[in-house]
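Please brief me on this model, topic by topic.

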Amino acid sequence: TATFTVNPSAGAGGTISPSTAQIVNYGATPAFTITPNTGYTISSVIGCNGTLVGNTYTTGAITADCTITATFAILTYTVTPSAGLNGGITPSTPQTVNSGSTQSFTVTPNAGYVISSVTGCGGTLVGSTYTTGAITADCGVTAAFVGVIDLTVSALSAPATLTGGAS
C-alpha cells in the first residue's frame, strides 16, 4: 500500500495537533485538532481537501503528499465611550481593541465643571486620562461631570464682650 505525508502547519495564535508530519496510507482521512490561543479565533484551515467542523479538521482521501495550514486571528472587541452633560471624552467614537489590550481616553470637563466619575471596562483614572483594564469583551466607558461650587467665606467682625467673673 502506498503511503503519503500530511504536513500540519499552524500560524501565530494557535496550534494544530498532531503537529508533526503524519505518514498515512493511500485513501486515509486523518483528523487534526485546531486550537486557538486565548484571545484568538480560527481564521482558516486549508489543504488536503479537508473540512473543518468545530475545531476538528479532517482531510479528504489522501492520494499524494499534502500540507494543512491553520491560521488564526486575534479577537477584537468594541469599547464605547460616552460623556454626560458638561464635558467630553476623546476619542468619542467606539474603538476596536484587540483582546487583552487596553484603551485610553482623555476626559475633559467644560469650564466651571470637574470630573465626578469615569467608570467601565475595569479602568483607572489618572488626572484626565482614563485607561481601561485588559479588554476581553465589549464594554463601555462613561464619564460624568459636576459643577464647581464657588464658596466665599466671609469673617464677620464684631466686638467681643466677656462677662462673668471668678468666684
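Cys66 is buried, at 16% relative accessible area; buried means under 20%, exposed over 50% and partly exposed in between, with a 1.4 Å probe and protein chains only. Cys66 forms a disulfide with Cys48, and the sulfur atoms are 2.1 Å apart. A disulfide here is a pair of cysteine sulfur atoms within 2.5 Å.

This is a predicted model, in which local features need pLDDT of at least 70 and side-chain atom pairs count only at pLDDT 80 or more, while totals for chains, interfaces and linings use all residues. Residues are numbered from 1 along each chain as its sequence is written, and side-chain values use heavy atoms, with hydrogens and water left out.

**Disulfides**

- The count comes to two disulfides.
- A disulfide is a covalent bond between the sulfur atoms of two cysteines.
- The Cys48–Cys66 link is right-handed, with 110 degrees about the S-S bond.
- This pair links distant parts of the chain, 18 residues apart: Cys48 sits in the loop between strand S5 (40-46) and strand S6 (51-53), and Cys66 in strand S8 (residues 66-74).
- Strands (E, at least two residues) and helices (H or I, at least four) are DSSP runs, numbered from the N terminus.
- Cys48 is buried, with a relative accessible area of 10%.
- The other disulfide joins Cys121 to Cys139, with an S to S distance of 2.0 Å.
- The link of Cys121 and Cys139 is right-handed, with 115 degrees about the S-S bond.
- Cys121 lies in the loop between strand S13 (113-119) and strand S14 (124-126) and Cys139 in strand S16, so the pair ties together parts that are 18 residues apart in sequence.
- Both Cys121 and Cys139 are buried; for Cys121 the relative accessibility is 15%.
- With the bonded cysteines of the protein chain numbered in sequence order, the pairing reads 1-2, 3-4.

**Backbone**

- Most residues other than glycine have a negative phi, and most peptide bonds are trans.
- Cys48 has a positive phi of about 60 degrees, although it is not a glycine.
- Cys121 also has a positive phi of about 60 degrees and is not a glycine.
- The peptide bond from Ser17 to Pro18 is cis, with omega near -5 degrees.
- Pro18 belongs to the loop between strand S2 (14-17) and S3.
- Thr90 and Pro91 are joined by a cis peptide bond, with omega about -5 degrees.
- Pro91 is placed in the loop between strand S10 (87-90) and strand S11 (95-98).

**A buried threonine**

- Thr59 is in the loop between strand S7 (56-58) and S8.
- Thr59 is buried, with a relative accessible area of 4%.
- Leaving out residues up to four places away in sequence, Thr59 touches Ala28, Thr29, Pro30, Phe32, Cys48, Asn49, Gly50 and Ile68.
- Contact means heavy atoms within 4.5 Å.

**Aromatic pair**

- A search of the whole structure finds one aromatic pair.
- Phe4 and Tyr26 form this pair, which is tilted: 6.3 Å centre to centre, with 50 degrees between the planes.
- Phe4 is in strand S1 (residues 3-10) and Tyr26 in the loop between strand S3 (22-25) and strand S4 (31-36), so the pair links distant parts of the chain, 22 residues apart, and Phe4 is buried at 16% relative accessible area.
- Rings of Phe, Tyr and Trp (its six-membered ring) pair if their centres lie within 6.5 Å; planes under 30 degrees apart count as stacked, over 60 as edge-to-face and the rest as tilted.

**Surface patch**

- Val114, Val146 and Val148 form a nonpolar patch on the surface, with about 220 Å² of accessible area together.
- Patches are made of residues with over 30% relative accessible area and no salt bridge; like charges are joined within 9 Å, and nonpolar side chains (Val, Leu, Ile, Met, Phe, Trp, Tyr) within 5 Å.
- A salt bridge is a side-chain nitrogen of Lys or Arg within 4 Å of a carboxyl oxygen of Asp or Glu.
- Val148 is in the segment after strand S16 (139-147), and is exposed, with a relative accessible area of 52%.

**Whole chain**

- The protein chain has zero helices and 16 strands.
- Buried residues make up 26% of its 167 residues.
- Among contacts between residues at least 6 apart in sequence, 51% join residues at least 24 apart.
- The accessible surface of the protein chain is about 9900 Å², of which 53% belongs to carbon and sulfur atoms.
- Accessible areas come from the Shrake-Rupley method with a 1.4 Å probe; for residues, only the protein chains shown count as cover.
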